[in-house]
Each structure stands twice: as C-alpha cells, then as structure tokens.
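This report describes a predicted model. It covers a sheet, the chain contacts and the surroundings of the ligands.

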Amino acid sequence: MLTYLIRRGLQAAVVLLAISATAFALFYAAPSDPATIACGPKCDATQIAAVRHSMGLDQPILTQYGDYLRGLLAGRTISDVDGSAIACHAPCLGYSYTLHEPVLSAITSRFPVTLSLAGGALAVILVLGIGVGFVSALRRGSASDRVLSGFTLIGASVQIYFLGYALQYLLVYSTGWLPLPGYTPPGEDPAAWAAGLLLPCLVLGFVNAAVFARLSRAQLLEVMHEGYVRTARGKGLGVLRTHLKYTARGAAGPVVQLLGLEVGALLGGAFITETVFGLSGVGKLAVDAVTQNDLPTVVGTVLIAAFFVVVFVAVADLVVAWLDPRVRLA
Amino acid sequence: MTPQQDTVPAVRERQDTVLSVRDLTVSFTGARGPVTAAEGISFDLARGEVLGLVGESGSGKSTVGLAAMGLHDPSRTTVSGTVEVVGTDVVGAAEAELKALRGARIAMVFQDALASLSPFHTVADQLGEAYRLHHKDASRDRVRARALEMLERVGIAGARARDYPHQFSGGMRQRVMIAMALINHPDVLIADEPTTALDARVQRQVLDLLAELQREFGTAVVLVTHDVDMVAAATDRMLVMREGHMVETGPTHRVLTAPDHPYTRALIGAAPSLKTVPGSRLPTVDVPEPKSRTTARARPDEAGPSLAEVSDLRVEFGGRRTLLGRRREPTRAVRGVSLRLAEGETLGLVGESGSGKSTTARVLAGLQRPSGGTVRFDGRDIARAADDTALRRELSREVQLVFQDPYASLNPRRTVEEIVTTPLRVHTDMSRRERRDRAAELLTQVGLSADQLPRYPHEFSGGQRQRIGIARALAPRPRLIIADEPVSALDVSVQAQVLNLLMDLRDELGLSLLFVSHDLAVVRHLCDRVAVLHHGEIVETGTRDDVFERPQEAYTKELLAARL
Amino acid sequence: MADVQTQKPRGPYAVALKAFRKDRVGLASLGVVLLFAVLAVAAPLVARLYGRNPTEHYGQNEPGLLSAEGLPVLPNGGISGDFWFGIEPGLGRDVFTQLLYGVRTSLTVAVASIALIAVIGVVLGVTVGYLSGLADRVFTFVCNVLLAFPTLLLLLALSPVIQTRFVSPDENEPAWMQFTVLVLVFAAFGWVPLAMMLRTTVRSLREREFIDAARAVGASRRHIVLRELLPNVWAPVLVHITIALPGIVTAEAALSFLGVGISEPIPDWGRMIARGAEVFYDDPTYMFFPGVTILVFVVAFNLLGDSVRDALDPRTRR
Amino acid sequence: KGDGAPSVADEANLTAGIGTAKDSAGPAPAVEGARRGGTVHVANLRDSSHLDPQKIYAGETYNTSLLWGRQLTQYQVVDGKPKLVGDLATDTGKPSDGSRTWTYRLKDGIAWEDGKPITSKHVKYGIERTFAPGFELGPPYWPQWLTGKQDLAKARTVYGGPKKDGDFKGIETPDDKTIVFHFAEPQSDVPFMAAQSSSSPVRPDKDTGTKYDLKPFATGPYRIVEHRQNQSMTLERNPHWKAATDPIRHQYADKFEFTFEKKELNTAQEILNGRGEGANTVTTKNELPPELYGEATRDPKKKQLVVDGRRGAFTYHLVARNDRVADPEVRKAIHYLFPRQQARQALGGPRVGDIATTYSSPAIVGYEKYDLYPVAPTGDIKKAKEHLAKAEKPVKSLSYAYESTAANDRMAQVLVEAFAKAGITLVTKPMPLPAFTNEVARNADPKYDLWMSGSSVDWPTPATGVPYRFDSRRDSLDNDPRYKNPAVDKELDRIAKIGDAEKKAEALITLEKDKIMKDVPLVPFLHQRVQQARGANVGGAFIHPIYGTISPAWLYLKKS
Ligand SMILES: Nc1ncnc2c1ncn2[C@@H]1O[C@H](COP(=O)(O)OP(=O)(O)OP(=O)(O)O)[C@@H](O)[C@H]1O
Ligand SMILES: Nc1ncnc2c1ncn2[C@@H]1O[C@H](COP(=O)(O)OP(=O)(O)OP(=O)(O)O)[C@@H](O)[C@H]1O
Ligand SMILES: [Mg+2]
Ligand SMILES: [Mg+2]
C-alpha cells in the first residue's frame, strides 16, 4: 500500500512535470510578450527591455523554467516590473502582472467558487446520473427507462452554453423564479450561496450526469447477468436488495474511475459554465488569463487543473481497489 | 450412493414428492425470435432421491434447474407447465413467495463456482447472508457461527472465513457453493455440473462431500451433468435430455446397462473409460455403432530416432524488477523436465491443472522461451525459437499446434479459408487458387466440406471448429502435432468425433503426436507412451500399459484411483 | 438454435448490418445524419433555390430590416417569407443559409478530425498493445500527460499563436489553415481514448489463442498485426468513431463560442450561439435556431452511435 | 430629473474652461438633492491595475481615485460642465519666465488621513517618483518636461527617482506651501498635467513600494480601509479631509464598498431590476452590457438608470499606414467608401458613439466642427471609385488588422463588403488584444495597411493629441499613421513654443483642420459614447466629461 502510494506519487509528479514543461514551452512561445503587457501602454523599446530584464524574461527559457520549478518547490522572490522584490512562497506558481497578485493567491481566492460549483454539480451527477442509471437499468426496456434514457441523451447532447443561456432566460430573466446566478461566500449568506449556484450546478451537473447515467446503466446491465447476482437471488434475497448490494458493487469500478476523472476536471475549473454564468472561479480565471496573455496565470491554472486530475484519478484507483478485493495495488 | 432398485412413482406417497415437474416448457425471446430451451419436461423427485440430469451442452439442463428455482428473468422468458416445490407451484408464484422458498426449501449449486460467488464479499459474509435471510431473528453471532460450522463441514478451515473467493482454489470455491446451498437444509438441491473444470482428484472429493451431506440431511438432489461416469456413480435415477426434450428416463442402472434410445447409447459409449479398448473407434451420436479399425495400430519404435527432445527444461514466469527494486518471486512452471518423442510416436502428457503441461508443449512449439535446459527438434537446438522469428518459421513447418479452446484459437474475423491457408501463405509460394484447393482438400480430410471455406468460425459448432484447427495444423504437412487438451472443451460425443479423427489422421499421415490432457481415459485411449507431470516435474514416464496397469509412483496411483 | 450453416455465409459485419437494419431508432437517426450530410454537400444548391446566401448583409443593405442598434425589426428575430429563420442581428445575414453552411463547417472539422484520430489511434493503440514493454510505458506516460492536460485551455491559447506565427500579414488566414489547425489540435488530444481502448483490446486479444496459433504457424509480426489483430478492432473503432464525432462537433462549437476557432465570414454554429448569447434578451430567436440545430444533430449522432454499438456488440444483441 | 444628476445642457460644447483662484476655493458646489449617509456599492468586473497615484494612467482610475487622492489641480464639474481649478493648490498655477517656470501655492488646512498636513515636499516627492524605474506605467510628462528630454530613458539618466538620486534640482520647495517647477522649454499645459494623478503628493514615510499600489495613503474625502486585490475594497470617510479646502469632491456617503469579478451582465441585471444591493450599486468601470441595451431603452424605468455620456475625449478612427497607403487619393477613396453607419450598426448602433468628421474630440479645448469631405454615413462608392481612378497605381488588395472581438469581427465583415464594392479585396487580420498591441501598435514596421484605433488625449487639450500623432519625427508609438508632412512638422515646432494653453489649442486645431486632415492621414469614425448603470437609489451619477465614466466623488444615496 505504502509502496503503491509512493509509486503513484512519483508517477503523478513526473506527469505534472511534463505538463508544466509543455505548458511553459507552449505559452512562452506565444507571440506576445508578458513584459509588454506588464509595462504600460506608453512603454518604449528600452523600457520594455528593462522590464524584461527585471522580470527575468531575457534569461534562456530553460533557466526560466528552472527558476519556476525551484519556486514551485522552495519558493522564490520574483521581481516586479520596477525591480522591487515580491516574496513568493512555495509552492510558488509565479506572479501575475495583469492581476497584480501571486498566481497562487489568485487561484486560491477563486477556488471557493469552483469548489462550490464542483460540489453542487457532483451532487447532481450522483443523484441524477447514477440514480437515473440505476433506475433505468432496473426497469430496462420499460417506459420509464425510455423516458430516462431520452433525458440522458439530451443531457449528453446539449451544449452548456445553449442550455445555460436558455434556462437563464426562462427561469431568471423572464420569470424571475430563480435569483441571478452568482457567488456569495457561504459564510456570509448560505441561502444566497445556494440560490446563486443552483442553476449553474444544475446545468453543469445535468450535462455531465448524462455520461454517468449511460455508463452506470450499461455497467449495471452487464453485471446484472453475472452469476453471483443470480446466486444472491437464489439465496432468497429480494430484487432491489440484490441489486443494491451486489450489482451496484460490481458495476461501480468504471463509474468510480470516471468519477475520479470528472471530479479532477471539475476542480480544475469548469471553463464554459463559469463563463456562461459569469462565476469568477478558477476556470474563468484561466480563460481570462489566456485571452489576456497572462502567461504565469495560464501555466499556473493548467498545472492546478492537471494536478487535480492526476490526484483524483489516483484516488479513484484507490477506491476501486477498496471496492474490489481482487484488485491489487502495487 | 449405490444405484437403488427402480421405485415406481405411482407407489410413492404424495407428501414424499418434494419436487414435481409437469410439462415444463421454457422459451427465451431472442433477437431471432423465441428459442425453446426445454419442452414438455416432466419428472418427480422424492425426498432423499438423487436424479441425474444428463445431456450434452445446450440440451437444456441448466434451464430446467433454473426454472425449478423460479430464477428465469420473466421479461425475457416464458415458462409454462408446473414446477411444484414441496407443494408450492413456482411457475407464476409471487416474488415474496419465491423469496421464502429459494435458499430455504430449494437451493442450487450454480454451474460456474467462480462466477457465482461474489468477488466483493468474504466467504463468511456470503454464507451468513444465506442463513440470515431465512432466520430473520438469528443473532449476529449465531449467523457467524453457523457459517463457520458449514465451512468446516465442507472441509474449509474456519480461519479462512474472512477470505475472498478469489483467494480460494476452484475446488474450494465449489465446496463453498455447496455449503451455501445446504446451510438451510433445503428439501431440494439442484447441483448444476458441480465438478466440471475440476481435476479428477478434486472432483472425487466434491462428489463424496455432496453424497455425504445429502445422506445426512435427506435432501433430494438433481445432479446436472454431462458425465456418464458421474451419473453411474452418484444417482438413483437419470433423465437424458437432448435439444430441450426428454429422451429417456429411468433408474440409472437400467438406463446405463440397457438404454432404449440410440442417443443414450451413443452418449454412454462416446466417452472412453479406463476399460475401453485403446485405439478403437469411439461411438458418436451420428454413428452410434462405428466400424472397428481394420488394422490394429502398430507400435512405433520407441527407441527409434527421436524427433523432439527436451532435457532438464526449466521455465519461470515473472520475477520482473519492480520500481522500488524488489523482485517478485518467479513462478516456476516447469522445473527440470526431460522428455523424448520418437518419430511416429504418440506421447501423452497428463497432470492436474497448473502442473506445467501447456508450458512444456509451448516450449516445444517455439512459443515459449525456456529459462534453462535444452530443446531439440530433429537434432536442432530450437530453444531460441520464441524470440527468433526466422527460426520459429522454420520450426513451424514441421511442428504444429492444436489448441484447447476451439472458440479462442480461431480468429473470429477471418474466414475459414483465410485461417486454414495462413500456414500456406507463410510457408509456400502457392498461388491463391492452389492454396484454396489445398484448403478444400484439408477440410474434406477433417470431415468438413469445401463449400464451408467462406464461412466464419462463429458459424460452426465446437467440434467443427476443432476440426478447422486441426486442418490448419495439417496444412504445412508437419511431422509433429502438439495437441494441447484438444477435446477438453467439447461434449463427450463431439470429443469422440475429434478423437476418432485424430487417430485416423495419425495413421494416414504417419504423424507424431504430443497429446496433452488431464483426462486419463482419453490419454490411455490414444497414446503409446505417457508422461505424468506434477508441479512442473515428471513423476513417471512409461508405456501406456506400464503406467496404467502397473503405476510405480504414489501420485500416479492417486490419480488413477480418483477416476470414477 | 437455427442451423446457421444452411443460410448464406455471413461475416460478423453482415450480421451487424442485419441487426442494424432492424433498429428503427438507428435507421431514423442515420436518416437525420445523412440529411445533414446531404445538406452540407448540397448547401450551395439549396441556397440557390432558397434565393439567399450566407454572407450578404441583407439587413444592412435593405432598409427596414434592422433597427439602428442592429436588431431585427420584425418580431421573432425577423422571421419572414424571405428569411425563414430570421436575420442575424448586427450584420443582417440570413440565418437559414448560415445554419446550412454551418453544417459544412462542423462536418468538415469533425469528419477530418475523426479520420485523423482513427488513423493515429489505431496505429498507436494496436502497435503499442502488441509490443508492450518500453513502448507501452512511454505510451502510457504520454496518455496520462495528455489526459491531465486541460485541452480547452490549450486550444484557446494555441489558435492565436498559430495565426500570428504562420500566416503572412498580407493574406487572409486561409480557410484550410483554420480547419487544419483545428483538426490537428483535436486529433492531438482525441486519439488518446481510442488508442488506450485499443491498447487494452489488443492486449486481451494478444492473450487469445488465435494469436498464438498464428505465431505457431510461423506468421510474421506484420501478418499478426495487420491480418489477425486489425480485423478484430474495426468494430470498437467504428463504435468509438460514431460516438466521438458529435463530441468534436460540440467541441468545435464550444471553441467558437469562446471566441477562437473558425473565423468570419465562414458560417459557424458556435459563433452563432455566442452572438445569440449576446442578444438573447432582445432576440432569443437568434440563439434558438443554432442551438436547436446542434442539439438535433448531436442527438441524432449519439443515437446512431448507440445503435452502431448495439449492432456490433454481440453482448447487447443478446 | 429629481435624481440630482447634473443636467447636461449642451453636450456639444462641454470643453473644460480654466477656473480662477476664487473657483478654486472650497467647498464644492452642492449637488442638488444630495444627502449624507449610507453605503454606495461599486461593482466592477475588474479591479484597477494600479492605485499608486504615480502609476495610474487610466481615466476610470483617475476618476475613482478622486475619492481618496488629491492633486495640484482638478476638474470641478457643475451641471456636467468641467472647469479646471486648483485642488491642493490655490489656483491652476502661475507661469513665469515665458512659461518655463510654474509656481503653485498649497492651500491651508489640507491634511493626510492621519491628520498631518500636506506640504509641498510631499508633492515634490510624489512627482520625483515618476522618474523611478517601475513608474514607466504612468504618464511620462513630468520627467520629459522637467529634463527637456523626449526619450524617457534619457530623462532618467538625468535623475533616477528619490530613492536613487535623492533630491531633484528642477523642483524647488522654498517653503512648505510653495512648489516651483523649472522646465527646460516653455510649457503651456502644466495646469492640465497638474490634474493628473501623477501630480499627487506622496509622503516618503508612507511610501511602501509595491504595497503602496494596493493601498495609497489618502488625502481625499475617503480613505481605503481594506483592499483585497481583485476581490474587494472598502472606503470610509477620511475625518481629516475638510470640505472647505476642496472645490471638487463631496463626502456624502458613509462608505464605499467596491466588489470585483462579478459578471458584468449580472451586475447590470441587479442594478436595473433592483435585485439585492442593486438599487445602491453603481458601475464605474463596467459599461452597460450590450445584452441589456435593448431592454433598457424600451423600459422607461430602466432607461432612467442608464447613464449615458461622451467617453471623455475618446475617438475611434480607421488608421491607414500612410507610408503603405501612400497615395492620398487612395486614402480619400477609403474615406468615401467607409460605411460609417453600417459599421456602427455592427458595433451596436448610435450608443457606441457619434459619427465624427474631425480628428479631435468635441471634448477638448479649442474644438471646432468641420467636415472637409462630406459623405453620406452609408458611404459613397461612386466617389470612392472616382478617387481610386485618380490613384497612381491601381489598388487590388489592402490588409486590415484589428483586435479580435465578436463586434470587431462583424465590423470587419462590413468593411470587407464595402471595399469589395469598390473593387478592393480587404484582407482581415483579427488578433487578440495582446497580439494586436505587439504586432500593430508597438511594432515599428507592422505589415498591415489599415487598422482601427481608439485613442484619446491625456488631458482635454489637443496638446497630447495632434502634435504627437502627426509629427513625422516621432516614433510609431505616437505617430501610428506614419504621417509625414514637413510643413506640418515646422508648424508644430512653432506652436510648441506657445505658452498659453488655450491659444496653443486653437493653433493646433487650426493646423489639424487646414493642413493635416486635408491629407486624410486617417478616416474619422466615431466620437465614442459610454453607458453605465446606476441603482435607483444612487444619486449624483453622471458621466464625467473628462474621464468618461461615472465619478464616485459626486455620488450619494437618496435613501439609506
Ligand atoms: N438466457 C437465455 N437466453 C436465451 N437463450 C438461452 C438462455 N439461457 C440458455 N439459452 C439457450 O437455451 C439452450 C439450453 O441452455 P442450457 O444452459 O439449459 O444448456 P445446458 O444443458 O445447461 O448446457 P451446458 O452443459 O453447456 O451447461 C441453449 O441453446 C442456450 O443457448
Ligand atoms: N504467462 C504466464 N505468466 C505467469 N505464470 C504462468 C504463465 N503461464 C503459465 N503460468 C503458470 O505456470 C504454471 C503451469 O502452467 P501451465 O499452463 O503449463 O499448466 P497446465 O498444466 O497446462 O494447466 P491446465 O491444465 O490448467 O491448462 C501455472 O502455475 C501457471 O499459473
Ligand atoms: Mg448448463
Ligand atoms: Mg494448459
């Protein structure tokens, strides 16, 4: 177990290293220059050169990347445009000259939004996705199965940006049934927090739930014909309890694995949902950073997103191993 | 359990009948319309009686068993007739009624023990659940104690109760299933092929256990099997099924000795036993009375030039370096085996599962790299053939394989023609036409017809597929054929066909044959010499008669004794 | 248990085809998909018959169609006998022909990407699945990296880079280049799931005896990969393709929605929706049509994918 | 009216006058109907990039920083009409030595948020900071003018800021109330430059370097209590600010709460529908999202909440690179074929701006309306073709670079269509803003013929406009059309010596009209407008005529 964790950790570290290198190389190869952006609109060439120098952008890219990695592990001091020092503690993801704050703090301050959104969406996914999958697998071929399958088909096919706007138009704007989507810290006003996130979570959850509904339905149907399920019924166990105790357990593996990937992806920021509903989460931060060529933030958000994916994929593997004693970790 | 005298059903008192099946018909709705898997089945089972349900694969045995449990999926199955379990008609009964019945009055040991035990729950949990379901007010401790008791009863140490099924061997799992079925002392037990896929020794243990428990609890048993020997040994009455219909029923002794129906006769004769004449043609369903061989097989010269030879062969698996530098313990599959196969000879390789038979065969075929020892074919060192494509290609001209699984060894996406001509493409520069003609010729040789060339494997039955596999092996006109359990996946009557074919071809073509099997009777029937493998080592080698009549080693004796 | 041998010989695909022919939903969705394909191919013809083209600024050139703010004057987004689906706010282009030509954009990108994905995925997946060892480890690593990479961000960041790096300033970014870039980037990430799936499939196929059987008759590696393995993976590849294609249509639209992707004046559904989002308080119609079109298209494709899978998968046919 | 917004009488003529010493005395003329108390909420999508007074270089932040920062001079706005008056100083400055020396006297009673008096040393220190590295973000004028070196880098070799080079000789502070600037050349526009944020005092003991950028020390009516970058900012009344010293600002609300990062559309929805804190909210940076504009114009209740005005002196022009599109006939042809009305429609209609015929904005001193080559707003293809026919070489294709936004994409299509009608293929080059800045604005040799340029002057006189844009000796950052006319250069040299701001403005506008625009170096398109939203309960909201956004310094709550 411990060796497994260590090995998995090392693997994850290498993957993240590769991702950071790729992101770094790709984004620093972009045509526009962070120094130009950091320096004001009236900067001339010599000034920009000075700014480049003080930001360390005139160093070879490998040196810059080395500094970046060092900052990530041990923290470093970054020089501002004017050459003054900004302390950036480990894990230092760099400093955003557009936001004028360390990338990590920019991410952490937006993280509650993303976390709330991810949590809500996850709840919807679990209830709607797996619940629907369960019901329609149990009633395979029935009218309710067809209705639910149609429902998930729509979910799998609809665009967040279409559904998001359409629902905003119907439920918020024309009727006022729901409050405007937005984020209020739950500590401030839990009701407003829930109300503001209701629609985004529902939409994000619904669209993603479809995949889970289909997967869990297919999985359940497959496992339903396993011998051990029949054995359980042969013992005199009822249908529902058999499926809850045996079928669901047998079907869980792939669902959990997909769930791990999904949680990781959600925590890395739901780019489109956050854009559509105007939630200032990590995803919106990332998209904005890309459009504003805020390279440190782009690399930082890419890394964070990848980090969550890697971590939760590993967690999912652990859960699968815990669910299925046949799976050996090592 | 010795065969009893025929008891006339009419004489038996009503309350003594624990299972009464009348005119049972089961059909499935499939993609191609309904499939009737059982039709007009009727029988009675008295308390304490053992009924053997015999028939080849797909004849509807399991279907009848499941119908008795009321376990057919109602949405896709139509069941008609009546199945009365201690007075309750299972057909059309309410789920609640069935729940009370299942596991308590009627229980089933399902066909595949590994698949039938939940991999996610400990053995004790699964046993305990079976008990608790019908003893609602039993305390936790009581349930646990009962589960342990039942485990011990089937010979599994209580200490292993917290283990998961995958940590058990096949025989142990089978015993767990039996324990689970009997934990509530049911009136009827349906044991669906409880011993297939088990070694002879384990098979024996399981059957003995079943008989013991059956006697003890007075349970009536429906023993589903396709093994005639087993029926003879363990049942009072038998019922023969074919394609969903009852062919014949009656007291076991009577049916076995004087079968009414030719099918029954063929079924009984098809499996070689330790008493059949070696090398004789076996009866099959299509040819119940085969012509006997005109010329007896001449004993090949054992001392003659050796065709293939391995000495001190060792094969290890695994033991790869892990990331943290720990080496895992390698599996030592073959530990110093020495064998010799003379030109024209048939050598049998027997041993229980995992003893290294296949591994040895694969080394000889150039598919597996040995870890040590020498391998020679016709005097040439072929140890490197597994890694050296050119060498293997040369070798494969002379040595060909017939595989165990007729389903897995034929590529489902290639036509029979493509499959059979592959060796020709590799080894000859025949034109397409010529290859085709040769393939047609080969098919006829193995008893199929040439117009089946454009078909795909899934359109053939298991026996036919095995023939295709044999045709492929014959294509390059090899000198040695290695047959790795070529009949173990087949029904007895089909098995007989394939064995007959192999014997015919061997004689016609003067082939040498390395025949791998765990079935002693089959080996005895076919082989000139026999080598017994145990845990990767040769325990005993000798001529057929020496090994079967005068076994020297304890292990060999044990193996022979386990045969029913 | 009908005796199949009395019928004409049928390959596994023929069996699947027969199963598919019986699937009414599958046929219907195939019909819709084909309809879209025909519309894409015949777009100029349809536009000619209809009498409008997708690029002309009708609303700006014909007075009375658009308000000073650029909103359609007629209700429901300016739907009229001349403009069946209304006119685009701002420029006043015809929505119907825009949607029509939008099919071309979506289908071109999706089909080209899928073709590339299929080639890369099959080659890599099958090869790696057969080789294992070092190749396998490198492959797994690359896949892990690509899976953890936030694709959308990369796409967002990359498009302008390519545009400014590779296009000379005195020519329009050629349409083929826009398409190529999109296709390449979709393919760069899209092959991963397919290749991973094929790798697993091939690995289990490799354990099957018929591969050993081929080795035993002396077949070369090439023969094994090309003739023994490949024919066995077409079914999963086909299923994967039909299920992945609508995903690419969606992703392409999402990119356009976020402001990168195929640029003006090439009609594009995602861009229409983005514009629709801007005016949807004043002119919800403009969002309705592209939104519903994509929905129908993707639903049809997903249904088709399901049907293809059912037809090809012997287990679901059960 | 009733909401206390200053009435905007005649927008066309709202240029800034220069006020007298009497105008400069506090308190500011009361806003009609204003009352004290309450918390005004300001919701913007983005936080200001800088709050350090010497780094601020954006009209909106100038406007917001009025809440806590004071300068030597500032614009007093009465009834929407701006007037430049003394702020910390008693008047707008006294020139001497042919306008080479300017003297300011500070008022009595002006104090920092801790009650300590503001002295001329603080003002000097603040201005000295503009020389230091890192302050290239702010306007360059103080270093340039004080050293007489156009090149900022050279100016900085003369003096490198108070931290590096200590005291700067060019600014004298004979006593705590007096500050004297010695310029190398005659400077007429010093009063206007003294209104820029860079002319704010900074107290050396409070100069916390980079941190000062988050939370500057207050001199105005409010002080910053808390500022979390990109999240929120809270302002409270500054007890040491005295209304009597300030002719510009008010201190009506108790508090200002700034919040950031909320979607513009949602903020505007809340304001227009009075949901949540909407009624007490105002946007000072966000503009009214285009999504809501139609709705807001239809509903009279909502229309009231939309504050519309001129975006300061911002203009939007189609710039031709004069050395690539060298033939004036071709530029004239472009002038004629440019379909201003369709282009504006694609951008959103009349709300985005008024169609321009002049280079300079009507908001600047000395503005004069003229129309040298009258053309219908839908363009005149016939005339365009005539001019093209006169061109020396036929024009087949032109390239057009622009910042890629959905609206600009649409406008590009309008241009493509119009150029096509005149037989010219317009090659469009959309690029994201950073790339556009790099590739076009900052590139000494961009390979494009045309681009759109939105620009403004640094203060409402043409002095930072015309002489920069059309002087051939200036670099492409200033003279982006690459306009070259020796006669204009000569005339600009002459005008530079004029020591009076208003006279100089007049001369420049005349030059623009009589010489420069005759050559069509660029095609005037729009004098931009701006719309922002204010809550129903917020009074005193108007678009500041100079800074072009709602100014918080005039706001009050009707009920609290
Ligand atoms: N669930 C099902 N759906 C459709 N057909 C089925 C189903 N179960 C069994 N069959 C068909 O019914 C027939 C009888 O099957 P059954 O399992 O009873 O045979 P069996 O005698 O038990 O064979 P084996 O010895 O291989 O276990 C076969 O042709 C089988 O294909
Ligand atoms: N590829 C492999 N990797 C690891 N272990 C293997 C491998 N192949 C075989 N073994 C192990 O080697 C031993 C011998 O296997 P082999 O297949 O030769 O047995 P067998 O006698 O053919 O058994 P069976 O009758 O079940 O076919 C077994 O313990 C098996 O688990
Ligand atoms: Mg069976
Ligand atoms: Mg074997």
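In which sense do strand β9 and β10 of chain B pair, and over how many bridges? Strand β9(B), residues 237-242, pairs with β10(B) in the antiparallel sense over six bridges; strands are DSSP runs of E of at least two residues, numbered from the N terminus, and two strands pair if DSSP finds at least two bridges between them. Within this pairing, M246(B) in β10(B) is the bridge partner of M241(B).

## Basis of the model

Residues are numbered from 1 along each chain as its sequence is written, while chains are lettered from A and ligands numbered from 1 in the order in which they are written. In this predicted model, local features need pLDDT of at least 70 and side-chain atom pairs count only at pLDDT 80 or more, whereas totals for chains, interfaces and linings use all residues; side-chain values use heavy atoms, with hydrogens and water left out.

## The sheet of chain B

β9(B) and β10(B) belong to an open, mixed sheet of six strands in the order β6-β7-β8-β3-β9-β10. β6 (106-109) and β10 (245-251) of chain B each have a single partner strand, so one side of each is left without a neighbour in the sheet. From one strand to the next, the twist averages 15 degrees (axes are lines fitted to C-alpha atoms, for helices over the stretch in contact, and angles run from 0 to 180 degrees between N-to-C directions).

Helix α1(B), residues 61-69, lies across β3, β6, β7, β8 and β9 of chain B and runs at about 150 degrees to β6(B). Helices are DSSP runs of H or I of at least four residues.

Among the five pairs of chains that touch, chains B and C have the most contacts (heavy atoms within 4.5 Å). Ligand 1 lies between chains B and C. Its surroundings comprise 13 residues (a heavy atom within 4 Å), and α1(B) gives the most to this shell, with three residues.

Oxygen atoms of ligand 1 are placed 2.5 Å from an N or O atom in the side chain of S57(B) and 2.9 Å from one in the side chain of K61(B).

## Ligand 2

The residues surrounding ligand 2 include F317(B), A333(B) and E352(B). Helix α11(B), residues 357-364, supplies the largest share of this shell, three residues. An oxygen atom of ligand 2 is 2.8 Å from an N or O atom in the side chain of K357(B), and one is 3.0 Å from a polar backbone atom of G356(B).

Definitions and conventions. Polar contact = N/O pair within 3.5 Å; in protein donor to acceptor, adjacent residues only side chain to side chain.
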